[in-house]
Amino acid sequence: MTPTTSTTRLTVAQALVRFLSAQYSERDGVRQRLIGATWGIFGHGNVAGLGQALIEYAGEMPYHQGRNEQSMVHAAVGYARQSNRLSTHAVTTSIGPGATNLVTGAALATINHLPVLLLPGDIFATRVADPVLQQLEVPYAGDVSVNDSLRPVSKYFDRITRPEALIPAALQAMRVLTDPVETGAVTLALPQDVQAEAYDWPEEFFAERTWVVRRPGADPTELAEAVRAVRAARRPLLIAGGGVHHSRAEEALAEFAAATGIPVASTQAGKGSLRHDHPQDVGGVGHTGTATANELARQADLVIGVGTRYTDFTTASGTLFTGDGVRFLNLNIAAYDGHKLAGLPLIADARSGLQELTAALEMHAHRVTDAYVGEYTLDKERWEQRVDACYEADEPDVRPTQPQVLGALDALVDESDVIINAAGSLPGDLHKLWRARSRDQFHLEYGYSCMGYEIPAAIGVKMAAPERNVWALVGDGTYLMMPTEIVTAVQEGIAIKILLVQNHGYASIGGLSEETGAERFGTAYRFRSADGTYTGAPLPVDLAANAASLGMRVLRAKTVRDLRAALAEARAADTPTCVYVETETADTVSGPPPAQAWWDVPVAETATRASAVKARELYERHVSTRRRHL
C-alpha cells in the first residue's frame, strides 16, 4: 500500500509565504533565517494573492512597506550584504511598471553577487482576461510578459503557471540564494490567477529546511602551485576584493599579511578587508586608488587576487600591471573569476584558501624582504600625509570642500559606524581617502554604481544592524533620483543618517566630460544662458527643504564649523536625520589627489573642437600602454 501523505489546502501565495518562513541558512555552525522579511507594493497583480497571504501569515513573515520598487530591492540588498549574504529579504510587486522597476535593482544584486528574492505578479496563466491591464502583447509569443526583462539580470528565473510547479521552483530558488558562487537576484514570476488558486500541499513542503553555505578548500595541486608562485615572487602584491568580506576572511587575510609581509591593496568592494592602520594595508588600487598601491601594482611580479572580479577600475583598463613577467594568482570561489588574466587558479572559499596558503608558506618560513617592507611602509606614510592635507580645514568658518566634508566625518566616527555610497564623485574620494576602521564600515556599491542606492540600502543595513550608526553619503544628483524611502525610514523609525552634499550637478561625470573633450556638456544643474548652454546661475533647488517635507529632521551646515556640530548632533540622534551641506567648488570634481591610474572612456576619434582633439591625443597615449596578460 502507498503511504498516505498529509496535506494542507492553501493558495499558492499562502503556501509560498509559509515555505519562505521555514527556510534557514547555516555557515560555520551559525543558523539564521534565510528570508527575514518581505517588502511589497501592491497592485492588481499581487494584492489579492501575496497581499492576502502576507496578512494571513503576518505572525510568520514580517512585512515592510516600500515607496519605489527599485528601492525595495536596494533595501533588501543592503540587508543581505550587512548579513554576510546569509539572510536576505523578498520583494513583491504587481504586474506592469511595478515589475519592470525591479530590473535595475536585480542587475545590481546579480552583478554584486548579493542574494535577493523577487516575486513580481504576472499576467493570467489561464489567459481568461487577455490582454489584462498593463499587459505587454507580443504577437509572436503568447507566453512573454514584461517579467521576461528580468531573465538576463536574474541568476534563476521561473514562472509558476501551475500550483504544483511552485515546489521545485521554490527549492531551486533557495539553492541559488545560498550558493556562494551563483547567488544574486532570483525571480519567481507569479501569475495573478495562480497566486490565488488553492492546492493540496504536502506538509513536508512547509518543514524547516537548513541550507548550508559551503566553504570549499583548495585543490592540493593548485595549492602547491600557488605556494611555488608566492615563494618565487620578489615583489608580490595582494588585492582584496569583495569576496574577502562575503567569506568573513578578514582575520585570515590579516594573519596572511602579517606572516608574509605581503602588502594588501583593496578594490572598492574589498576596502576594509584590513583596517587602515594595519602595517600591510596600502589602500585602494586602480583608477580611484592610492599612489602607494598603484605604484606597487606597476612593479609587482605577482598579483594575488583574493575574491576580486578584476573590473576595469581595478586594472586601470588593462594598463596598471606592467611589471616584467608579472603573473597572477587568483584565489576565488568562482572558477570563472579564478582564471582571469591567465592567472594560476586557486579555487576555494577565501577564508579556507587563505588559511591553507598561510599554513603552507609558514612551513617554509616565507616572508618578503625587509627592504620591500620598508619601501611600501614609507610610501604609505607619505600617502597618509596627503590624506591629512585633504582633510584639514584651516579656516573653520568657510564653506568646506568635499574632502573636508569627509574629514569632518572621519574625525567623528568609530569602528561601529557604517558608511554607504554608490555613485558620483564620492566613490573616488572615499576609495582614496577614507580610513576604514572595521571590516564592514566601508559599504560601497561599485559593481553597478547605481545612483539612488544609498538611502534605501542604508535602511536595509540599519535593519540588519540596528545598533550601528548608518550613514548614507549622497550627492544632489543621486538624491534627486530616489529620495522616496526617506518616508519609509520616518514611518518605521529607522534612524539612518543622511549626509547630503550639494554641488549643483553631476560632479563626477562633469569632470570626466571635461577630461574627454565633452566640455561638461549636460552635467550642471543650472539655468540656460543666452547661448543655450546650462551655464547660468545654479537652480534655486532646496534639497534640505525637500528632505524635511518628507518627514526627516534636517540640519543645515554652511561652514566647516557648522558641519562638525551638525554631524555630531546627527550621530547622536535616535530619529532619521539629514545633514545638508553645500561644498565650496560647485562646478568641479572635489580636490583630493587626482587619479593615480587611467580609466578607458573612449574619446571621439574625429572632432573639430580643440578640447576633443587634445583629449584624443592623450587617450591614444594611454591606449598604447594597454597590456593583455596571456
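Which residues lie nearest the centre of the largest pocket? Select His287, Ser508, Gly511, Leu512 and Glu515 and you're looking at them. Keep in mind as you click around that this is a predicted model.

**Stop one: the largest pocket.** Its volume is about 1200 Å³, and 47 residues line it. Now colour H17, helix H19 (476-481), helix H21 (507-515) and helix H24 (610-623): these are the elements that give two or more residues to the lining. H21 hands over the largest share, seven residues. Colour the lining by class and you get 22 nonpolar, 19 polar and six charged residues.

**Stop two: Lys432.** Stay with H17 (residues 426-433) and pick Lys432, which sits in this helix. Lys432 is buried but makes no salt bridge. Next, show the contacts of Lys432 beyond four places in sequence: Thr288, Gly289, Thr290, Trp383, Val387, Pro593, Pro594 and Ala595.

**Stop three: H18.** Select residues 454-464, where nine of the eleven residues are buried. Among them are Glu454 and Lys462, along with Ile455, Pro456 and Ala457.

**Stop four: the second largest pocket.** Move to His113, Gly242, Gly243, His246 and Gly307, which lie nearest the centre of this one. Here the space comes to about 750 Å³, with 48 lining residues. Helix H9 (242-246), helix H12 (312-315) and strand E16 (327-332) each supply at least two of the lining residues. By class, this lining has 18 nonpolar, 20 polar and ten charged residues.

Terms used:
Residues are numbered from 1 along each chain as its sequence is written. This is a predicted model: local features need pLDDT of at least 70, side-chain atom pairs count only at pLDDT 80 or more; totals for chains, interfaces and linings use all residues. Side-chain values use heavy atoms; hydrogens and water are left out. Helices (H or I, at least four residues) and strands (E, at least two) are DSSP runs, numbered from the N terminus. Buried means under 20% relative accessible area, exposed over 50%, partly exposed in between (1.4 Å probe, protein chains only). Lys and Arg count as positive and Asp and Glu as negative; His and the chain ends are not counted. A salt bridge is a side-chain nitrogen of Lys or Arg within 4 Å of a carboxyl oxygen of Asp or Glu. Contact means heavy atoms within 4.5 Å. On a 1 Å grid over the protein atoms alone, a cavity is a set of points where a 1.4 Å probe fits but cannot get out, and a pocket is an open set with protein on both sides within 12 Å along at least five of seven lines; lining residues have an atom within 4 Å of a point. Grid points are joined across faces, edges and corners, and a volume is the space filled by probe spheres set on the points. Ala, Val, Leu, Ile, Met, Phe, Trp, Tyr, Cys and Pro count as nonpolar, Asp, Glu, Lys and Arg as charged, and the others, Gly among them, as polar.
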